[in-house]
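Work through the exercises below with the structure open beside you. Try each task before reading its solution.

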Amino acid sequence: MEQVELIDITKSYDKQKKVLNEISLSIEKGEFFVLVGPSGSGKSTLLRMIAGLEDITDGTLKINDKVVNHLPPKERNLSMVFQNYALYPHLTVEQNILFGLKAKKVSKVEQQERLRETAEMMGLSELLSRKPRELSGGQRQRVALARSVVSQAPLCLMDEPLSNLDAKLRANMRVEIRRLQKRLGLTMIYVTHDQVEAMTMGDRIMVLNDGIIQQIGKPITLYNEPANLFVASFIGSPKMNLGKAKFSTDYKQLIIEGVLPIEMDPLSVSERLKDVNLTVGIRAEHIFSGMEENATHYLEVVNVEHLGNETTLAFDIGTELWTAKWPGQWMINVGDKIPVRISVEHLCYFDSDSEELLKAATAGKSQEVVAI
Amino acid sequence: MTMGTGKKLIFYILLTISAIILFAPTLMALVMSFMSNQDILTGSLPTSLTLDNYKNAFERFPLFQYLFNSFVVSILIMIGQLVLCSLAAYAFVFLEFKGRDLLFYVFIATMMIPFEASIIPNFHIIRDLNWIDTYQGLTIPFFAMAFGTFLLRQNFKMIPKELKEASQIAGMGDFRFYLTVVLPVAKTSLVTLGVYGFLTSWNMYLWPLLATTNDSVRTVQIGLKQLQTQEQLNDWGVIMAGAVIVIIPTLILLFLGQKKLQRGLTEGALK
């Protein structure tokens, strides 16, 4: 069942430049849907329009099959968590959590019942009489979550709720939010600029840039088959290695950035690829370490990062900086020429002019996504 | 602060001297209020201290009536200013309407019109309303205050917009948000403005003089003036006793609220 449906939603301020351009999508009940994009892409605006805090310039917004374009926020039956948590500084944790219920005139007995349950779930039972300023960042975040949980609204909107937390806490809260959402069966619309958050939390992700949908899909799909160059460089860390490429005249070689030739089977080159300006991309983990006998290239290392469980290497490929990610620890120094293995089945092909994906990597899917 | 002892000494001597100069008139009034008339007129140091002046002040003039009037007027003005200014400031911060900023600047611009310029039209209005010698005539012209609105607007602006949005989603109207969130959060500024408004109206002279014709609603500042001129030879001891009584509420408020007053007045300036 569709919980939220957007049909050609457009937003513009003062009838000038469109901040959001004909956004259409539907979000299923119980789905964790992530809106991701760089800052200024319009993702927060879109969320605020769903919440009713921002007018919809054009298009239709449906919640539970009912057009809600002109309903005030309180009649849309949703809850929202803000980036700065929006806790009332003069109220205690308990009063903060119950704030919305009082406004909705829920009975005292039920208020207490819900409060107890929620506080227990969020681990806030000890903190109920504290003021927000006496809490740590993570605790404040939990209070904000509790406030949205206690409202029992089926739809929950979150606007970059983790961006004020440190990295460790963020990783923790990611898991907590995800578990909470599954446990309560909430429909979640989650805005973030952090692609790691998007990948790890979302059932589906929508990538937004300049007010235009770039791609909607499962995290793995976005990773393996990015619809265009923007998604390719935005999703994944480190980002996908990209480079302009040209076929040699006999189509036996693909030459990347004029310096990196890759052996091709001329028969596998489809007509579509032949008459456009190509940009190819390859994920960092697909530049493998090579042995003397199977190395395809020797590349000079310009930077090495030791992460303990893996080693990240950087190379200059023409004007681009490419990275390779190798599992394990490698004693490699800057300046070394090392053998690597780059094979053609890991390449994604993009049209340099339209930036659209022409052909996704053929290898990978069967190897990496292990279905259990 | 690092400062040599010699330098410090000089500073403290200078500070002490200025403090004495500044405080001398008050001190003189205080001492004079306890002196007998004879001592005052001969200009000698007090030979004996007496409370007669205070007794006289209360006996000869309706000082209690004046004090009561002043309290009523000051408190009414204070409450009126707090209510109107906070509501106006709320509108200027949280409600969006066309021309809001322009309206605000016009509002602020009225601060440049001195009160004396509007005193005659104001007087005409309360006369036509038959409000002379009434509390409303003394108070209502002062309810709307540009400075107070400005002060509170700056303060309200520091309240994150998300708070408003969160309560919007919770289904809370503007008025309840104003009462349950904005006012408690801006408590310090409200106290500041309240104290400021109270003191200003307590010390008001010109308007009560115009708007009153008899003792029924006359305030204490006018009463003091009457102490001075009723007799041919000024009874300075009694006048000073009256003045000291009038200062007391001001001093109490100042001592109680000094910290808050300072914090509140400078709060908007930081940001």
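The model is predicted, so local features need pLDDT of at least 70 and side-chain atom pairs count only at pLDDT 80 or more, while totals for chains, interfaces and linings use all residues. Residues are numbered from 1 along each chain as its sequence is written, and chains are lettered from A and ligands numbered from 1 in the order in which they are written.

**Exercise 1. State the confidence scores of the model and of chain B.**

Step 1. The model has ipTM 0.80 and pTM 0.80.
Step 2. pLDDT is the predictor's confidence in each residue, from 0 to 100. Chain B has an average pLDDT of 86, and 93% of the residues reach at least 70.

**Exercise 2. Describe the secondary structure and spread of chain B.**

Step 1. Count the elements. Helices (H or I, at least four residues) and strands (E, at least two) are DSSP runs, numbered from the N terminus. Chain B has 14 helices and 0 strands.
Step 2. Compare the radius of gyration, taken over C-alpha atoms, with the globule rule, which is 2.2 Å times the number of residues to the power 0.38. The rule gives 18 Å for 271 residues, and chain B has 23 Å, well over that value, so chain B is more spread out than a compact globule.
Step 3. Read the extents. The C-alpha trace of chain B spans about 75 × 65 × 30 Å along its principal axes.
Step 4. Turn to the record. UniProt (unreviewed entry) gives "transmembrane region" for several spans of chain B, including 9-35 and 102-126. Such positions are in the numbering used here, feature names are shortened, and annotations may be inferred rather than shown by experiment. Residues 9-35 of chain B are 93% helix and 0% strand, with end C-alpha atoms 35 Å apart. Residues 102-126 of chain B are 64% helix and 0% strand, and their end C-alpha atoms lie 30 Å apart.

**Exercise 3. Is Met204(B) buried or exposed?**

Step 1. Locate the residue. Met204(B) sits in the loop between α11 (187-202) and α12 (206-211) of chain B.
Step 2. Apply the cut-offs. With C-beta atoms placed from the backbone, a residue is buried if 20 or more other C-beta atoms lie within 10 Å of its own, exposed if 12 or fewer, and partly exposed in between.
Step 3. Met204(B) has 20 other C-beta atoms within 10 Å, so Met204(B) is buried.
Step 4. For the whole chain, 30% of the 271 residues of chain B are buried.

**Exercise 4. How many residues of chain A and chain B are in contact?**

Step 1. Two residues are in contact if their C-beta atoms, placed from the backbone, lie within 7 Å. By this rule 17 residues of chain A touch 13 residues of chain B.
Step 2. On the chain A side, β6 (78-81) and α2 (93-103) are the elements that give two or more residues.
Step 3. Sort the residues on that side. Ala, Val, Leu, Ile, Met, Phe, Trp, Tyr, Cys and Pro count as nonpolar, Asp, Glu, Lys and Arg as charged, and the others, Gly among them, as polar. The chain A side has 11 nonpolar, 4 polar and 2 charged residues.

**Exercise 5. Divide chain A into domains and describe where they meet.**

Step 1. Domain bounds come from an automatic or database domain assignment. Chain A has domain 1 (2-226) and domain 2 (230-368).
Step 2. The centres of the two domains of chain A, taken over C-alpha atoms, are 37 Å apart.
Step 3. Domain 1 of chain A gives 12 residues to the contact and domain 2 gives 13. On the domain 1 side, the elements with two or more residues are α6 (195-201), β9 (204-209), β10 (212-217) and α7 (219-224) of chain A.
Step 4. UniProt (unreviewed entry) lists "domain: ABC transporter" for residues 4-235 of chain A.

**Exercise 6. Examine the backbone at Asp8(A), Lys105(A) and Pro238(A).**

Step 1. Most residues other than glycine have a negative phi, and most peptide bonds are trans.
Step 2. Asp8(A), in strand β1 (residues 2-12) of chain A, has a positive phi near 50°. Asp8(A) counts as exposed because 11 C-beta neighbours are inside 10 Å.
Step 3. Lys105(A), in the loop between α2 and α3 (108-122) of chain A, has a positive phi near 60°. With 7 other C-beta atoms within 10 Å, Lys105(A) is exposed.
Step 4. Ser237(A) and Pro238(A) are joined by a cis peptide bond with omega about -5°. Pro238(A) lies in the loop between α8 (229-234) and β11 (241-247) of chain A.
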